[in-house]
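This report examines selected local features of one protein model. Please consult the sequence and the coordinates alongside the text.

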Amino acid sequence: MKSLYEISLNTIQGKPLQLNDYKNKYILFVNVASKCGFTPQYKDLETLYKQYEQKLMIIGLPCNQFGSQEPGSSNEIASFCEANYGVSFVITEKVAVKGPHQHPLYKWLTARELNNKKSSKVRWNFQKYLVDPKGKLIDYYYSITSPLSNKITKHIK
């Protein structure tokens, strides 16, 4: 089985992102979109990140698979996140979270046979997956769950 830390990603600037750099931290993976009803969650994601940045990394993964709500280029997405929400956590290049071109990270997050915890389907933008400091999936949370919800923070505190 492939470790979470072996999966390759690129930042929104196109630079390799080493998940290995976040060993011993919680990681909250969130598929994000700029034109979604849940987009204001960027504010709470940033608050959560600032509150726990010593032991938490948030990784936002832009995705255009739900209602075409992330149509922008990498530069447009980065500018939007910075200008509107002051995002300082990691944003990656656009990824597919479902379907035939599903990114390996989302294969790992959604398949019990890979993550050894549970299987799931990404239902909409801003679905969240929390991984513990050892690289094990804790749980996933649907879009309606606030990033500041006790369902998430109880694990990080």
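## Helix H1

The model discussed here is predicted. Helix H1 comprises residues 41-52.

The buried residues of H1 are Gln 41, Tyr 42, Leu 45, Glu 46, Leu 48, Tyr 49 and Tyr 52. They cover an arc of only 160° around the axis and therefore lie on the same side of H1. The elements that cover these buried residues include strands S3, S4 (56-62), S5 (90-91) and S6 (128-131), as well as helices H2 and H5 (150-156).

## Packing of H1 and H2

Helix H2 spans residues 74-85, and its axis comes within 10 Å of that of H1, with a crossing angle of roughly 75°. Angles of 65 to 115 degrees count as roughly perpendicular, so this description applies to H1 and H2.

On the H1 side, the contact involves Tyr 42, Lys 43 and Glu 46; on the H2 side, it involves Phe 80, Cys 81 and Tyr 85. By class, the residues of this contact divide into four nonpolar, no polar and two charged.

## Buried loop residues

Thr 39 is located in the loop between strand S3 (26-32) and H1. Its relative accessible area is 3%; since buried means under 20%, Thr 39 is classed as buried. Leaving aside neighbours within four places in sequence, Thr 39 is in contact with Ala 33, Ser 34, Phe 80, Tyr 85 and Phe 126. Of these residues, Phe 80 and Tyr 85 also take part in the contact of H2 with H1.

Gly 72 occupies the loop between S4 and H2 and counts as buried at 13% relative accessibility. With neighbours within four places in sequence again set aside, Gly 72 is in contact with Ile 77 and Lys 94. Gly 72 and Lys 35 are 37 residues apart along the chain, and their C-alpha atoms are separated by 9.7 Å.

## Positive phi angles

Most residues other than glycine have a negative phi. Asn 24 has a positive phi, near 75°. Asn 24 is placed in the loop between strand S2 (16-18) and S3, and it counts as exposed at 58% relative accessibility.

Asn 116 likewise has a positive phi, near 60°. Asn 116 belongs to the loop between helix H4 (112-115) and S6. With a relative accessible area of 58%, Asn 116 is exposed.

Technical notes
Residues numbered from 1 in each chain as written. Predicted model: local features only at pLDDT ≥ 70, side-chain atom pairs only at ≥ 80, totals over all residues. Heavy atoms only, no water. Axes fitted to C-alpha atoms, helices over the stretch in contact; angles between N-to-C directions. Helix = DSSP H or I, 4+ residues; strand = E, 2+ residues; numbered from the N terminus. Parallel < 35°, antiparallel > 145°, perpendicular 65-115°, else oblique. Contact = heavy atoms within 4.5 Å. Nonpolar A, V, L, I, M, F, W, Y, C, P; charged D, E, K, R; others polar. Buried < 20%, exposed > 50% of the residue type's maximum accessible area, 1.4 Å probe, protein only. Arc of directions from axis to C-beta.
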